[in-house]
Structures are given as C-alpha cells and as structure tokens.
Amino acid sequence: MTAYAFNNLKMDLGKAISALSPFWQAILSIVKFFFFIVNRKKILQLLRDVWLWTLEATAEELEIIAEENKNDAKICGFYFSMVNISGVLAHLAPLAVASVYAWQGNGFLNSLDAPLKAEYFFNIRQSYITYIVCYLWNVISIYFIIYGSLFIDTLYSWLVHNISAQFRILSLRYRKLSLMMVTHKSSEIQNDEIFMKSIVECIQYHLRILEISKRFSEAYQHLVLIKFLISCLQLACLSFIIPLGGEMADQLFNLSFLVAATTQLILYCHGGQKIKDMSTSVNWTIYESFHWHNLSVKSQKLLLFVMMRTRKPCEINCIFFRANLNLFVWVSMEKYGKE
C-alpha cells in the first residue's frame with residue numbers, strides 16, 4: 001500500500017491518500033496486537049483481579065456492575081456494527097464499481113480493483129483466478145485488521161466500565177454509611193467506633209480501586225499513545241478523501257470507515273473521561289450524603305481528609321497527554337474544523 005501511495009503521489013493525490021487510510025489502520029492493528037503480547041501478563045492479571053472482585057459484591061452492588069456492563073455492550077455493539085459495515089463495504093465496493101462499468105459497456109475484469117489498493121507482485125486482472133486469489137487475500141487481511149482492533153478496543157472498554165462500577169460501589173457504600181449514622185443517631189447509640197471502622201473499610205476499598213486504576217493506565221498508556229498518533233493521520237486522510245468525491249461505492253466505504261475510526265477514537269476518550277468523572281463523583285457523594293451538623297468534629301475531620309483525596313481524579317495518562325473528551329474535541333477540531 002505504501003508503494004502504491006508513493007507511485008500515485010504526484011499523479012493522483014486522491015488515490016495515494018485513499019491507500020493510506022486502511023494502511024494506517026493495519027499498522028494500528030499490528031501495534032495493538034504487539035503491545036497486547038508484550039503486556040499480556042499485566043492485562044490478564046488485571047482481568048482476573050477485576051473479575052474476582054465482582055465475586056465479592058453484594059446483590060445491590062451487582063446491579064451496578066450489571067448496569068455498567070449493559071452500557072458497555074451498547075457502546076461496543078455500535079462500534080462492532082460500524083467496523084463490520086466498513087469491512088463489508090470494502091469487499092463490495094470494487095465489485096459494485098466494476099459492475100457499473102460493465103453495464104456501461106466496459107469489461108468487468110478490466111474494471112476490477114482489489115479491495116485494498118496496493119502494488120501486487122502479479123497482474124490481478126490476468127484472469128478471474130488471479131483476481132479471486134488476490135480478493136481472498138484481501139478479505140483475510142481486512143478481517144485481521146477488523147478483529148485485531150475489535151478485541152483490544154472492546155477489552156479496554158470492558159475494563160473502563162468495570163473500574164467505573166467500583167467507584168459507583170464506593171459511592172453507594174458512603175451513602176449507606178450515612179443512612180446507618182442517621183439510624184444510630186435516632187436510637188441514641190454511640191456510633192463513633194462504628195463510623196471509624198466503616199470509614200477505614202471505605203478508605204481501603206478506595207485505595208484498592210486507585211491501585212487497579214493505576215495498573216490499568218500503566219498497561220494501556222503506550223498503546224493509547226500510539227493509537228492517538230495513528231488516528232490523527234488516519235482521520236486526516238479520510239477527511240481529505242471524502243470531499244474529493246468519486247464513485248458512490250467508494251464514498252460509502254470512506255464514510256463508514258470515517259464513522260468507525262471516529263467511534264474508535266471516542267471509545268478511548270470516553271473511557272478516560274468516564275474513569276475521571278466516576279473517581280471525582282465520590283467526593284460529591286460524601287459531601288451530599290452526610291449530615292455534617294450531626295457529626296462529631298473528629299468524624300468531620302476524617303471525612304474532610306477522605307474528600308481531599310477523592311478530589312484528585314484518576315486518569316489514563318498516555319505519557320504526553322491524558323485520554324479524555326478534551327482530547328477528542330482537540331483532534332476533531334484539528335481534523336474536521338479546518339476543512
């Protein structure tokens with residue numbers, strides 16, 4: 001694909017750029033797979049710990065986890081659909097274009113292009129057999145690109161939603177602690193010891209979430225960095241091709257590819273933003289749930305200490321930047337806003 005793009009760079013810039021869009025996605029899929037292999041022990045241990053953690057949850061806490069997983073299924077389902085639609089259109093586009101030219105009187109075989117525009121070692125239009133061999137090779141390559149990305153991306157999304165569920169469970173425990181304090185107050189039971197013990201348990205739970213969030217960020221930071229760098233090039237190529245026009249089948253593929261690539265970018269940005277928002281929401285839960293005027297000075301100071309830590313958000317650090325919606329807005333403005 002790079003040789004094809006280089007050969008057409010001076011003659012037809014549109015053809016050169018159209019070959020680079022799937023090329024960047026192929027590079028991204030290979031890089032994702034490579035980083036997963038390198039960090040497989042970290043990621044698998046992270047998956048095991050998150051799964052084992054859910055076994056400790058109560059019935060009420062399991063409802064939160066189930067809700068987060070349903071939301072994850074909806075997002076990943078849309079992403080899965082768009083990626084597969086792009087793959088199908090990539091296969092059908094050259095056949096549809098060749099059929100139109102054949103209907104206009106041109107030869108069907110001579111009008112056929114490969115799904116992936118590239119320089120091949122043989123003449124793909126020499127016979128139907130050679131084209132079928134090239135076509136099948138392209139189909140295998142496209143589905144490697146598709147499912148290589150889907151596996152890593154949906155795994156990222158699953159971890160994000162399950163870590164976010166733990167922050168929601170922590171908020172739930174603080175709300176239940178507040179209700180328990182009100183109950184004990186009404187029955188005139190001395191509750192300082194109970195309060196101290198419960199707060200310590202919540203702090204330990206919070207530290208556990210922070211530790212697993214840090215491990216998640218460390219396991220994915222290099223992958224997310226490479227993903228955003230390549231996505232910038234990929235979206236730049238797509239935003240350049242589409243306004244140029246062309247065959248309807250090719251334009252449909254480019255549009256679906258653009259939606260899929262943008263959804264992929266949103267998946268990572270939304271994940272970082274979700275963890276950030278859920279981690280800071282614990283601070284507001286503590287502030288709003290407790291009846292501060294009924295707490296002892298010692299209890300108030302302890303809660304303020306906890307709130308100071310919960311004000312600091314958990315974020316997915318990608319060496320040079322943080323994955324959040326601000327990053328998505330910046331990339332979108334750079335790639336789409338100036339067109």
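**View 1. The second largest cavity is lined by F35, F36, N39, I43, I152, A219, Y220 and L223.** This is a predicted model, in which local features need pLDDT of at least 70, side-chain atom pairs count only at pLDDT 80 or more, and totals for chains, interfaces and linings use all residues. Residues are numbered from 1 along each chain as its sequence is written, and side-chain values use heavy atoms, with hydrogens and water left out. A cavity here is a set of points, on a 1 Å grid over the protein atoms alone, where a 1.4 Å probe fits but cannot get out; lining residues have an atom within 4 Å of a point. The volume of this one is about 40 Å³, taken as the space filled by probe spheres set on the points, which are joined across faces, edges and corners. Helices α2 and α6 each supply at least two lining residues, and α6 gives the largest share, three residues. Helices are DSSP runs (H or I, at least four residues; strands are E, at least two), numbered from the N terminus. By class, the lining has seven nonpolar, one polar and no charged residues. Ala, Val, Leu, Ile, Met, Phe, Trp, Tyr, Cys and Pro count as nonpolar, Asp, Glu, Lys and Arg as charged, and the others, Gly among them, as polar.

**View 2. The largest cavity holds about 230 Å³ of space.** Of its 17 lining residues, Q25, S86, I145, I146 and F257 are the closest to the centre. You will find at least two lining residues on each of α2 (13-38), α4 (59-103), α5 (128-186) and α7 (248-289). The lining divides into 12 nonpolar, five polar and no charged residues. In total, the structure holds three cavities of 30 Å³ or more.

**View 3. Helix α6 (residues 192-241) meets helix α8 (residues 297-310), with axes that come within 11 Å and cross at roughly 10°.** That angle makes α6 roughly parallel to α8, a label for angles under 35 degrees. Axes are lines fitted to C-alpha atoms over the stretch in contact, and angles run from 0 to 180 degrees between N-to-C directions. On the α6 side look for D192, F195, M196, I199, I203, H206 and L210, which meet K298, S299, L302, L303, V306, R309 and T310 in α8; contact means heavy atoms within 4.5 Å. These residues divide into eight nonpolar, three polar and three charged.

**View 4. Residues 128-152 are 100% helix and 0% strand, with end C-alpha atoms 36 Å apart.** Residues 252-269 are also 100% helix and 0% strand, and their end C-alpha atoms are 26 Å apart. Both spans are among those that UniProt lists as "transmembrane region" in an unreviewed entry; such annotations may be inferred rather than shown by experiment.

Key: Parallel < 35°, antiparallel > 145°, perpendicular 65-115°, else oblique. 1 Å grid on protein atoms, 1.4 Å probe; cavity = no way out; pocket = protein on both sides within 12 Å on 5 of 7 lines; lining within 4 Å.
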